[in-house]
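Student: Could you take me through one part of this structure slowly? I'd like a close look at a single spot first, and then how the chains meet.

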2 protein chains.
Amino acid sequence: MIHATSVVAMDRTLGALSKILEKAEAHCAARTIKPEALLGFRLFPDMLPLTRQVQLACDFAARAAARLAGAEPKSFPDTETTFGELQARIAAVRAYAASFPAAAYDDAATRDVTIKMRGQDVTLPGLQYLTMYSLPQFHFHATTAYNILRHNGVEIGKADYMGTA
Amino acid sequence: MIHATSVVAMDRTLGALSKILEKAEAHCAARTIKPEALLGFRLFPDMLPLTRQVQLACDFAARAAARLAGAEPKSFPDTETTFGELQARIAAVRAYAASFPAAAYDDAATRDVTIKMRGQDVTLPGLQYLTMYSLPQFHFHATTAYNILRHNGVEIGKADYMGTA
């Protein structure tokens, strides 16, 4: 059940995010908009730009997949500066999450997971880590990426986010 | 496990959303901004305004709580026009979701849930309904409410969304 709630569900949203970014890149090409204008766009000056929102959604998915499987999360460097590189990041994270066998999540609900929160180590049971931390964080950044593009006129709708478009 | 992933987790985010709306209302009062300016604000002209985002987050939480417990969801009319009324909606939905005993969710993962999608009845096992539908929808609307306020300069951050501020 943890595997379905974490890896399977996040994979679907990452696939949706990939298609949303394809539409954003096509939008730039069709209107002669510099990709950097969207990739660096923030909904408010002290918010993170699109690229960081995508990177963070990827991180929360990758870390949940590893930690809930009892593994140490692999770090993905934040070096992307183009739509193509963000697509590669998403593909790499999806492959990484899929590399853990579903059976590795059988005991994940009660497995201790330790994360840094405000510089302090906090240990939570896997179920609480997933439901109270990973999933809200993941959707927070994925939806903010969507909202940045929607605010800029990219023709996407909720079905794109839900992966049913 | 379904109860923790649905009712408990969504209750935390609804509590966070309530505090975010309190900050938004205080922001209006401090700067002589008409509350309607925020309540009716859209990130793009054909997006839904703040009030609808909050109502929809409430709906996805209430319906998940009921359906996963094997009950017919109660309908909440969309009549709110003030911050106070949105607070009452959130409080009513939290009380409604808490009215189902945790034990009602013991078989929820495999319980058939029927929803309307694009006018068609679709039946899913409870686990799939929760992970692929309810949770993404819920966070999509709650995060969009947050982003509308953040975009308008309300002083909130991710910790407000996570309920750890």
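Tutor: Strand 1 and strand 2 of chain A make a hairpin, with two residues between them. In that turn sits A:Arg118, whose phi is positive, about 50°. Keep in mind that this is a predicted model. The strands cover residues 112–117 and 120–125 of chain A, run antiparallel and are joined by six bridges. To see the pairing for yourself, find A:Asp112: across from it, in strand 2 of chain A, stands A:Pro125.

Now for how the chains meet. Chain A and chain B each put 38 residues into the contact. Between them they bury about 3500 Å², and 69% of that is on carbon and sulfur atoms. Three residues, B:Met1, B:Met132 and B:Phe140, supply 19% of the area chain B buries against chain A, more than any other three.

There's a polar side to it as well. You'll find 12 residue pairs in polar contact between the two chains, counting pairs with both residues at pLDDT 80 or more. On chain B's side, the elements giving two or more residues are helix 1 (2–31), helix 5 (126–151) and helix 6 (158–162). Helix 5 of chain B gives the largest share, 16 residues. Sorted by class, that side of chain B has 22 nonpolar, 11 polar and five charged residues. Two salt bridges cross the interface. One salt bridge pairs A:Arg150 with B:Asp46, and their closest N and O atoms are 2.8 Å apart.

Terms used: Residues numbered from 1 in each chain as written. Chains lettered and ligands numbered in written order. Predicted model: local features only at pLDDT ≥ 70, side-chain atom pairs only at ≥ 80, totals over all residues. Heavy atoms only, no water. Contact = heavy atoms within 4.5 Å. Buried area = accessible area lost by both parts, 1.4 Å probe. Salt bridge = Lys/Arg side-chain N within 4 Å of Asp/Glu carboxyl O. Polar contact = N/O pair within 3.5 Å; in protein donor to acceptor, adjacent residues only side chain to side chain. Helix = DSSP H or I, 4+ residues; strand = E, 2+ residues; numbered from the N terminus. Nonpolar A, V, L, I, M, F, W, Y, C, P; charged D, E, K, R; others polar. Pairing = 2+ DSSP bridges.
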